[in-house]
Amino acid sequence: SLLDHLIDPYLPLLEDLSKQADILELDVLKKSGLPDDRSLLQDLNDLRRSLQALCRITAHQRDALGRLAHGTFKEIPAEALPYFRDIHDHFVQAADQVETYREVINTAMDAFLALQSNRMNATMKTLATISTIMLPLSFIASLYGMNFRYMPELQWRYGYPFALGLMVVVGTSLVLWFRKRHWL
């Protein structure tokens with residue numbers, strides 16, 4: 001009766017953990033990559049730590065209850081063993097639920113990190129594309145900005161419009177090429 005009474009509080013706790021795990025799992029898909037995702041990561045870590053602590057506790061208790069349920073101790077009469085087995089079965093179910101929730105949270109954490117990585121890769125791809133477009137334009141501008149005395153285009157009447165036109169053509173060509181490859 002005492003052991004049964006000690007195990008009963010696990011059920012509402014597991015129900016609460018289940019709700020928290022479900023909410024966090026949905027939030028990972030909705031909020032990952034948004035400005036408030038740091039609190040989501042903190043919530044995932046907090047719940048994961050709680051579940052790990054609960055897992056350690058239940059592992060030890062499951063072993064002790066298993067020994068009681070299987071008649072390891074001579075002090076426990078044989079007619080009381082079915083009650084201990086019943087308690088052990090309930091506790092094993094609770095411990096299995098804790099393990100399941102722990103796996104759910106670990107999976108949610110992995111999904112969160114994967115989504116963060118994907119969003120960061122998309123950002124890096126955009127920045128690399130912009131840099132790739134700007135690099136030849138910077139080269140052309142720096143070439144024509146060297147102020148050499150005998151540069152053929154310096155004395156040419158259309159040298160400045162030619163340099164600007166070359167920049168527009170190169171920039172537009174790169175943008176069109178990136179769009180054709182679906183990089184933009």
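User: In this predicted model, does Trp177 count as buried, exposed or partly exposed?
Analyst: Buried means under 20% relative accessible area and exposed means over 50%. Trp177 has 40% relative accessibility, so the residue counts as partly exposed.

User: Is Phe178 buried or exposed?
Analyst: The cut-off for buried is under 20% relative accessible area. The relative accessibility of Phe178 is 2%, so Phe178 counts as buried.

User: What kind of pair do the rings of Trp177 and Phe178 form?
Analyst: The ring centres of Trp177 and Phe178 are 5.4 Å apart. Planes under 30 degrees apart count as stacked and those over 60 as edge-to-face. Here the planes stand at 45°, so the pair is tilted.

User: Which parts does the aromatic pair of Tyr10 and Phe91 tie together?
Analyst: Tyr10 and Phe91 form an edge-to-face pair, with 5.3 Å centre to centre and 85° between the planes. Both Tyr10 and Phe91 are buried. Tyr10 belongs to helix α2 (residues 10-31) and Phe91 to another helix, so the pair links parts 81 residues apart in sequence: α2 and α4.

User: How is α3 oriented relative to α4, roughly parallel or roughly antiparallel?
Analyst: The axes of α3 (residues 37-69) and α4 (residues 81-144) come within 8 Å and cross at roughly 155°. Angles over 145 degrees count as roughly antiparallel. Therefore α3 is, relative to α4, roughly antiparallel.

User: Which residues does Leu68 contact, leaving aside its neighbours within four places in sequence?
Analyst: Leu68 is part of helix α3. With those neighbours left aside, the contacts of Leu68 are Leu3, Phe73, Ile76, Leu81 and Phe84.

Key. Residues are numbered from 1 along each chain as its sequence is written. This is a predicted model: local features need pLDDT of at least 70, side-chain atom pairs count only at pLDDT 80 or more; totals for chains, interfaces and linings use all residues. Side-chain values use heavy atoms; hydrogens and water are left out. Axes are lines fitted to C-alpha atoms, for helices over the stretch in contact, and angles run from 0 to 180 degrees between N-to-C directions. Helices (H or I, at least four residues) and strands (E, at least two) are DSSP runs, numbered from the N terminus. Angles under 35 degrees count as roughly parallel, over 145 as roughly antiparallel, 65 to 115 as roughly perpendicular and the rest as oblique. Contact means heavy atoms within 4.5 Å. Rings of Phe, Tyr and Trp (its six-membered ring) pair if their centres lie within 6.5 Å; planes under 30 degrees apart count as stacked, over 60 as edge-to-face and the rest as tilted. Buried means under 20% relative accessible area, exposed over 50%, partly exposed in between (1.4 Å probe, protein chains only).
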